[in-house]
Amino acid sequence: MGLSLVQSRALLGLEAASVTVEVHLANGLPSFTLVGLVETEVKEARERVRSALQNAGLEFPNNKRITVNLAPADLPKDSGRFDLPIALGILAASGQIDNARLAGHEFAGELSLSGELRPVRGALAMALALHTRGVATRLVLPLESAQEAALVPGGEVYGAKHLLDVVRQFIAEGSDAASQLPESPDDSGWARVQAAPGAIPPQYADLSEVKGHAGAKRALEIAAAGGHSLLMVGEPGSGKSMLAQRFAGLLPAMHIDEALESAAVASLGGRFATERWMSRPTCSPHHTSSAVALVGGGSPPRPGEISRAHHGVLFLDEFPEFARSALEALREPLETGTITIARAARRAEFPARFQLIAAMNPCPCGYLGSSSRPCRCTPDQVSRYQGKLSGPLLDRIDLHIEVPAVSAQLLLEAPPGESTDSIRTRVVDARERAIRRQGHANQSLQGSAIDRHAVLDDAARKFMFNAANKLGWSARSTHRALKVARTIADLAGADAVQAAHVAEAVQYRRALRGAK
């Protein structure tokens, strides 16, 4: 009997692999079988497709043996994204639409029981995969998903509101079938979708709202200019969270490629919103988050918070309260900018080039070293609390600073501080200086590139040698300090790293206070 082929895509990590939906109608006992390593939500498409076709006034071949194969068979498929291609495959195999006209199109969309199209996650990831591989095809999606996918430049994306809107586009030319179709619920249900002509500039909270904290603001400026990670230590209420929530505004504006990658990861989790387009994300997971929630995992693998913070900020408040396994899982992505989720059956790789901003109290009660309130923790309690952070993890954090409490007088009487826009101007200049010199931010310097670009004069070299010996730094700590010094020199407009730059960098790698 009838055989039809419809193209779609499955999601495995950020890879949107091509899937061919093969539909075969044959004589025999009536049945509807789905094969091809499908998850439960895909198997449930049988009932959604049946009801959608019947309620839309289309013919469902109840007297046929229907076999739907999602190829390749060893690729896992999940979600309701295959409802639309399965429905179109049945219509093409039964002769209600022209199978040949489906060529050159790819479809994805979930069907309601009435035939309405519902948005699917990962639409932008699908369009980005087509763009990066140079695949020329028309992408047909529910209207909300099409608006998301249209952000990828150069794509041909069509949006539809109802199954009938799609069916009308693929009736054979000269056929009288179009006149027999029920009236479409909405005449504007089919359209080619273009990206919005002008995006709203990203809105970030302003750093001028933070009173005092000149030293902390300087550290934020250095972290933004060089792409460095930062750990803030201070008593409760000192302003650590307020500073961290304003950090994203200091970073340079996103390039289109960065925005697409960041949005594609958000789209995989169904969290992308067009109003946040070109805005750097700030992810703030709770300290009870598991390692899987933080770095990603599951079956099939889904991105975690570190991937959702790609090209943005990952803010971990109450840093030592996170599970040890979750914190140790951060070590690899902090170095490489990616996270690989490996399982026995399959593996997926997600981008995770984020800037880590962590905040913690100096002790369990939070008032170690405070001038306003005495600390009630024993030395053993302080040691255990700070010992939750391993040496290798702290080694990978470039800047360690103390954030003291702000006095009531300063809080009430101090004028607004320097604005985010003013600081960002210096950050952008320093970042561009580094990119012209080496092609990337200073944090990404590795191996011989550190020796080549972090050029120390004689006084600076002697200062760094003495500091590393006296403080017992590892090779990683020394290199981290060199990269921070290089960023400080870029902010000062200096070609060579001088002793003053090294001295400032050294003070940002002080160890935790520990018990008195």
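Start at the second largest pocket: its lining residues divide into 13 nonpolar, four polar and six charged. Keep in mind that this is a predicted model.

**Stop 1: the second largest pocket**

The volume here is about 410 Å³. Select Arg276, Ser279, Arg280, Pro281 and Thr282 to find the middle; of the 23 lining residues, these are the closest to the pocket's centre. Now colour helix 10 (256–268), strand 12 (282–283) and helix 12 (305–308), the elements that each give two or more residues to this lining. Which of them gives the largest share? Helix 10 does, with four residues.

**Stop 2: the largest pocket**

Move to the largest pocket, which holds about 660 Å³ of space. Its lining counts 30 residues. Select Glu258, His311, Arg353, Arg431 and Ala441, which lie nearest the centre. Then show helix 14 (331–336) and helix 18 (420–438), the elements that give two or more residues to the lining of this pocket. Helix 18 gives the most, with four residues.

**Stop 3: Gln438**

Stay on helix 18 and pick Gln438, which is found in that helix. Is Gln438 buried or exposed? Its relative accessibility is 13%, so Gln438 counts as buried. Show side chains next. The side chain of Gln438 makes a polar contact with the side chain of Arg437, at 3.1 Å. Now look beyond the neighbours within four places in sequence: there Gln438 is in contact with Leu445 and His453.

**Stop 4: the aromatic pairs**

Turn to the rings. A pair of aromatic rings is described by the distance of the centres and the angle of the planes. The model has four aromatic pairs. One of them joins Phe107 and Phe170; the centres are 5.5 Å apart, the planes are at 70°, and the pair is edge-to-face. Zoom out to see what this pair links: distant parts of the chain, 63 residues apart. Phe107 sits in strand 5 (residues 105–107), while Phe170 sits in the loop between helix 6 (163–167) and helix 7 (177–180). Both Phe107 and Phe170 are buried.

Next, select Phe272 and Trp277. Why is this pair edge-to-face? The ring planes stand at 85°, with the centres 6.5 Å apart, and planes over 60 degrees apart count as edge-to-face. Check the surroundings of each ring. Phe272 has 15% relative accessibility and so counts as buried. Trp277, at 10%, counts as buried too.

**Stop 5: the second largest cavity**

Finish inside the protein. How many cavities of 30 Å³ or more does the structure hold? There are two. Go to the second largest cavity, where about 60 Å³ of space lies. To outline this cavity, select Leu11, Leu12, Gly13, Asp78, Arg121, Leu268, Pro300, Pro301, Arg302, Pro303 and Phe350. Strand 1 (3–12) and strand 14 (302–303) are the elements that give two or more residues to this lining. By class, the lining of the second largest cavity has seven nonpolar residues, one polar and three charged.

Note on methods
Residues are numbered from 1 along each chain as its sequence is written. This is a predicted model: local features need pLDDT of at least 70, side-chain atom pairs count only at pLDDT 80 or more; totals for chains, interfaces and linings use all residues. Side-chain values use heavy atoms; hydrogens and water are left out. Rings of Phe, Tyr and Trp (its six-membered ring) pair if their centres lie within 6.5 Å; planes under 30 degrees apart count as stacked, over 60 as edge-to-face and the rest as tilted. Buried means under 20% relative accessible area, exposed over 50%, partly exposed in between (1.4 Å probe, protein chains only). On a 1 Å grid over the protein atoms alone, a cavity is a set of points where a 1.4 Å probe fits but cannot get out, and a pocket is an open set with protein on both sides within 12 Å along at least five of seven lines; lining residues have an atom within 4 Å of a point. Grid points are joined across faces, edges and corners, and a volume is the space filled by probe spheres set on the points. Ala, Val, Leu, Ile, Met, Phe, Trp, Tyr, Cys and Pro count as nonpolar, Asp, Glu, Lys and Arg as charged, and the others, Gly among them, as polar. A polar contact is a pair of N or O atoms within 3.5 Å; within protein, one must be able to donate a hydrogen and the other to accept it, and residues adjacent in sequence count only if both atoms are side-chain atoms. Contact means heavy atoms within 4.5 Å.
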